[in-house]
Structures are given as C-alpha cells and as structure tokens.
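Student: Please take a close look at the charged side chains of this model and how they pair. I would like one connected account.

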Amino acid sequence: MPKYTQKMWAEWKDWRLDEAPNMYKGARKSAQKDIDSLDKNFKMMIKEADKAGDRKRAMTLMKAYKKYIIELKLILKKA
C-alpha cells in the first residue's frame, strides 16, 4: 500500500461511528421533537377513538403506534 494511502487511513475518522458533526446533532434534536409531537397526537387519537366507542379504529391506531412510533423512537435512541 502506498505511503499516502497509509497516512490517509491512519488519520481518517469515521464520523458515523465516532461522533456526529454539529449539523447532525441539530437534525437529530429536530427529529426527536417531531417524533414526540407525533407520539402525543397518536395517543390523543387513540383516546378519542376509544371514547367514541370505535374499538376497531382504536385498535388499528394502536397497532400503527406500536409499529411505527415505537420503532422510530428506538432507532433514534440507537443513532
């Protein structure tokens, strides 16, 4: 391997694994706020559907909440 390639690999830093640049930290914070808002809205829709007696709709919303919202939260925590 040429010396310039060895030097490049020695100095190279993987931003995906080590730490995110500042611009990604802001995007992560924004995504977290959006997911929190979506979480609150989903919970409110589930409660309203249950109060209205529409159990089928409430169950559909609960499945979607579990499938999408909880998965997004877990992925964002790992990121």
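Tutor: In this predicted model, Arg55 is partly exposed, with a relative accessible area of 49%, and the side chain of Arg55 forms a salt bridge with that of Asp50 at 3.2 Å, N to O. Asp50 is likewise partly exposed, at 40% relative accessibility. The count of salt bridges comes to three, and shared partners join Asp39, Lys43 and Lys73 into one network.

Asp39 lies in helix 2 and is buried, because its relative accessible area of 8% falls under the 20% limit. Its side chain meets that of Lys43 in a salt bridge of 3.7 Å, N to O; Asp39 and Lys43 are four residues apart in helix 2, so about one helical turn separates them. Lys43 counts as partly exposed, at 41% relative accessibility.

The side chain of Asp39 also forms a salt bridge with that of Lys73, at 3.1 Å, N to O. Since Lys73 belongs to helix 3 and Asp39 to helix 2, this pair ties together parts that are 34 residues apart in sequence. Lys73, at 25% relative accessibility, counts as partly exposed.

Leaving aside neighbours within four places in sequence, Asp39 is in contact with Tyr65, Ile69 and Lys73. Tyr65 is buried, with a relative accessible area of 14%, and the ring of Tyr65 pairs with that of Phe42: their centres are 6.3 Å apart and their planes stand at 45 degrees, so the pair is tilted.

Methods. Residues are numbered from 1 along each chain as its sequence is written. This is a predicted model: local features need pLDDT of at least 70, side-chain atom pairs count only at pLDDT 80 or more; totals for chains, interfaces and linings use all residues. Side-chain values use heavy atoms; hydrogens and water are left out. Rings of Phe, Tyr and Trp (its six-membered ring) pair if their centres lie within 6.5 Å; planes under 30 degrees apart count as stacked, over 60 as edge-to-face and the rest as tilted. Buried means under 20% relative accessible area, exposed over 50%, partly exposed in between (1.4 Å probe, protein chains only). Helices (H or I, at least four residues) and strands (E, at least two) are DSSP runs, numbered from the N terminus. Contact means heavy atoms within 4.5 Å. A salt bridge is a side-chain nitrogen of Lys or Arg within 4 Å of a carboxyl oxygen of Asp or Glu.
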